[in-house]
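Work through the exercises below with the model open beside you. Try each task before you read its solution.

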Amino acid sequence: MNSIWTIARKELSDSLRNRWLMAISLVFATLALGIAWFGAAASGQVGYASTPATIASLASLGIFLIPLIALLLAYDAIVGEEEGGTLLLLLTYPLSRSQLLLGKFLGHGLTLALATVIGFGVAGVAIAVLVDDVAIASLAVAMLRFIGSTVLLGWGFIALAYLISVRVSEKPIAAGLALAIWFFFVLIFDLLLLGTLVASEGQFSAELLPWLLMLNPTDIYRLLNIVAFGDSAQLSGVLSLGADLPIGFAGLWLGLVLWFAIPLAGALLLFRNRRI
Amino acid sequence: MSCFHLDNVSYRYDKSPVLTGIDLTLEPGEILGLFGHNGAGKTTCIKLILGLMTPNQGSVSVLGGHAGDPQVTQHIGYLPENVMFYPQLTGREILNHFARLKGASLQQVPQLLEQVGLGDAMDARTKTYSKGMRQRLGLAQALLGKPKLLMLDEPTVGLDPVATADLYRLLRELCEGGTGIVLCSHVLPGVEPYIDRAAILTDGALKAAGDLAALRRQANMPVTLSLDPANSISALEHVIDRASSSSGLIIKSDSGRLRVDVQPRDKMALLHAVMASGEVADISIHQPSLEDIYVHFIGSGGLAHRGGSQ
């Protein structure tokens, strides 16, 4: 446990030192405040639209940003150490491979969680204080749900980045694959799903289709933050499938948790069997 | 309890043998030189002892335990070849990090950095370090927590002659304190005075192991005598010819001296004869050096047929 924390602590202090933590927090806070204030601009006015609309917009932007940040933060976790020669050295220390990877995960995970809580937390507080007629309770619940799911989504992509990082032997390849993962889940997946829907002309099993959304953590994340308001009208595109998902909230949360637990377990397994 | 003991160890990488039937032991307080051409299996040997890999055959015991166990690795210091430490951290921060991982006290960190000559640079980021300074930092890292077994891969790369001498003095001190040390190096004349035993690997097999005297005996290489004649060179040549009628010696004369290559077993007889004749003014004896022995065992094919990576 001690060595896990030693590794995590180095990652945390690294992200403080290179100002990653500060930069991500700042981006999140600016984004949230910008959307809160100019979210109603589409309808021709400036000002706070509504909590559901704000969260929905944040979630839509979040699915682009969070995976990207998580992948960038974590893609060189192992391959970076290997290129510097420190991986070999670390493994000669009283430290198992699992401990090393879990320490990295704790460090990167805490960095992302802290940035999310600080960035969006500050924005939430600012909205609560500055907007006159906002319902504090529902805002707080929505914000907490949003922050929680954002952290889980980020952890998922950190774990996916590790899957790459323990497999490849060069940093540029890891970076390329990380971008490919981002591209697939954020852009390609929904297109594929939509294409399947259209091409199958309704022949596809109607019960199976909504479950396909669970194969993409960013879709789960959006569902979680939009469906929560019981407003299915907000669901556009493939997300409308989500209204038919028979698993409810707990299932969506579980989905996000599985999406970081399974890739992390996979990365641990791959790392343990890897030849040094 | 020996520092490590390899018993008939073999290791294959994708079915091609890297090490075959290695028997090697290191006792506490001993300095072992591990030599071999590129791809001979030195690094694999070290990785097996460090527990980074397990052998396909044979057994590896380290410090009375199993290679790779945390209780064992805690007492091993290792300096790999070419480490780039975290460039954004200072020397002190890096050493603190590694000390925490090793469970060693943080108080020794500034002391160790002083000891390797990084006292003034310990609070500078390591991206500003020269190669020699990174090497010193790596050494300080290897010395964390007073290791009982120290494995150094090319420790003198990038070190100036004074620093190299300091390093060997330090190793000698550690050795006297009971640490077993493995030195891998290609600078054979540099390590020759400091090692107690040498092990020579070629193509994954242990060609020879033992102290220098034993290796010389095993190699049975001629000893070279340089003789200054007292009177005339031809008289001296005549004496040698007579003394060695049985075993063909090679005589070369250069600039008024004679160089004679003599088999070790004939050396004393020849010396007696030469001394008795009174024809010699000065003698110097050149034993085969570690480098000569190394070349003898490796074969002088050199680059031509030695390939592969380590």
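## Exercise 1: a contact between chains

The axes of helix 1 of chain A and helix 3 of chain B (residues 91-102) come within 9 Å and cross at roughly 160°. Task: find how these two helices run relative to each other, and which residues make the contact.

Solution. 
- Start with the ground rules. This is a predicted model, where local features need pLDDT of at least 70, side-chain atom pairs count only at pLDDT 80 or more, and totals for chains, interfaces and linings use all residues. Residues are numbered from 1 along each chain as its sequence is written, chains are lettered from A and ligands numbered from 1 in the order in which they are written, and side-chain values use heavy atoms, with hydrogens and water left out.
- Helices (H or I, at least four residues) and strands (E, at least two) are DSSP runs, numbered from the N terminus. Axes are lines fitted to C-alpha atoms, for helices over the stretch in contact, and angles run from 0 to 180 degrees between N-to-C directions.
- Read the angle. Under 35 degrees counts as roughly parallel, over 145 as roughly antiparallel, 65 to 115 as roughly perpendicular and the rest as oblique. Helix 1 of chain A and helix 3 of chain B are therefore roughly antiparallel.
- List the partners in contact (heavy atoms within 4.5 Å). Helix 1 of chain A brings Ser3(A), Thr6(A), Ile7(A), Arg9(A), Lys10(A) and Arg17(A), and helix 3 of chain B brings Glu93(B), His97(B), Arg100(B) and Leu101(B).
- Sort them. Ala, Val, Leu, Ile, Met, Phe, Trp, Tyr, Cys and Pro count as nonpolar, Asp, Glu, Lys and Arg as charged, and the others, Gly among them, as polar. This contact has two nonpolar, three polar and five charged residues.

## Exercise 2: an enclosed helix

Task: decide whether helix 10 of chain A is largely enclosed or open, and name what covers its buried residues.

Solution. 
- Buried means under 20% relative accessible area, exposed over 50%, partly exposed in between (1.4 Å probe, protein chains only).
- Ten of the eleven residues of helix 10 (217-227) of chain A are buried, so the rest of the structure largely encloses this helix.
- The cover includes helix 3 (51-74), helix 7 (136-165), helix 8 (171-200) and helix 11 (248-272) of chain A.
- Take helix 7 of chain A. Its axis and that of helix 10 of chain A come within 10 Å and cross at roughly 175°. The two are therefore roughly antiparallel.
- The residues of this contact divide into six nonpolar, four polar and one charged.

## Exercise 3: confidence in chain B

Solution. 
- The mean pLDDT of chain B is 87, and 95% of its residues reach 70 or more.
- Where pLDDT is low, the predicted coordinates should not be read in detail.

Key:
pLDDT is the predictor's confidence in each residue, from 0 to 100.
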